[in-house]
Amino acid sequence: MKKVTVYTSTTCPYCQMAKEYLQEREIPYDEKNVQTDKEARSELMAMGYTGVPVICVDDQEVVGFDKNKLDELLNK
């Protein structure tokens, strides 16, 4: 099973789309809301990102809701 972490914010429509996509595929994930969790915001910034969503699949990072890239990483 791949480890999936989704960095989100409360008002981000692409974050919502990414979470719905993962739920439809029944892929478990950890959500880290950078708007409400200062530690998550620090983690995201340490990775070099300031925007969301950032979706981590094992050691791969996907910036934005890139369905094709997610399909590729999740089907390995």
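Student: Where is the place of Glu26?

Tutor: Glu26 sits in the loop between H1 and E2. Keep in mind that this is a predicted model.

Student: What does the phi of Glu26 look like?

Tutor: Phi is near 55 degrees there, a positive value in a residue other than glycine.

Student: Which residue just after H2 takes a positive phi?

Tutor: That's Gly48, with a phi of about 100 degrees. Asp58 also has a positive phi, about 55 degrees, although it is not a glycine.

Student: And where does Asp58 lie?

Tutor: In the loop between E3 and E4. Asp58 is partly exposed, with a relative accessible area of 42%.

Student: Which side chain does Asp58 meet in a salt bridge?

Tutor: Lys2, at 3.9 Å from N to O. Lys2 is in the segment before strand E1 (4-8), so the pair ties together parts that are 56 residues apart in sequence. Lys2 is partly exposed too, with a relative accessible area of 25%.

Student: How many salt bridges does the count come to?

Tutor: Six. Another one is formed by Lys3 and Asp30, with the closest N and O atoms 3.2 Å apart. That pair also links distant parts of the chain, with Lys3 in the segment before E1 and Asp30 in strand E2, 27 residues apart. Asp30 counts as partly exposed at 40% relative accessibility.

Student: What about Glu31, which side chain does it meet in a salt bridge?

Tutor: Lys19, at 3.1 Å from N to O. Glu31 is in strand E2 and Lys19 in helix H1 (residues 13-24), so to speak a strand-to-helix link, 12 residues apart.

Student: Are those two buried or exposed, or something in between?

Tutor: Glu31 counts as partly exposed at 38% relative accessibility, while Lys19 counts as buried at 13%.

Student: OK, on to H1. Which residues in H1 are buried?

Tutor: Cys15, Ala18, Lys19, Tyr21 and Leu22.

Student: What covers them, and what's on the face turned away?

Tutor: The cover for the buried residues of H1 includes E1, E2, E3 and helix H3 (67-74). The face turned away from the buried side carries the exposed residues Pro13 and Glu24.

Student: What's the reach of H1 from its first C-alpha to its last?

Tutor: 16 Å for 12 residues, close to the 16 Å expected at 1.5 Å a residue.

Student: Are Cys15 and Cys56 buried or exposed?

Tutor: Cys15 is buried, with a relative accessible area of 1%. Cys56 is buried as well, with a relative accessible area of 10%.

Student: Which strand is Thr5 found in, and what does it touch?

Tutor: Thr5 is in strand E1. Leaving aside residues up to four places away in sequence, Thr5 touches Asp30, Lys32, Val54, Ile55 and Cys56. Thr5 counts as buried, at 9% relative accessibility.

Student: And Asn33, which side chain does it make a polar contact with?

Tutor: Thr10, at 3.1 Å. Asn33 is in strand E2 (residues 30-33) and is buried, with a relative accessible area of 15%. Beyond four places away in sequence, Asn33 touches Thr8, Ser9, Thr10 and Ala40.

Student: What happens at the start of helix H2?

Tutor: A side-chain oxygen of Asp37 reaches to within 3.0 Å of the backbone nitrogen of Glu39. H2 covers residues 38-46.

Student: Last one: which residues does a cis peptide bond join?

Tutor: Val52 and Pro53, with omega about 0 degrees. Pro53 is in the loop between H2 and E3.

Terms used:
Residues numbered from 1 in each chain as written. Predicted model: local features only at pLDDT ≥ 70, side-chain atom pairs only at ≥ 80, totals over all residues. Heavy atoms only, no water. Helix = DSSP H or I, 4+ residues; strand = E, 2+ residues; numbered from the N terminus. Buried < 20%, exposed > 50% of the residue type's maximum accessible area, 1.4 Å probe, protein only. Polar contact = N/O pair within 3.5 Å; in protein donor to acceptor, adjacent residues only side chain to side chain. Contact = heavy atoms within 4.5 Å. Salt bridge = Lys/Arg side-chain N within 4 Å of Asp/Glu carboxyl O. Expected span 1.5 Å × (residues − 1).
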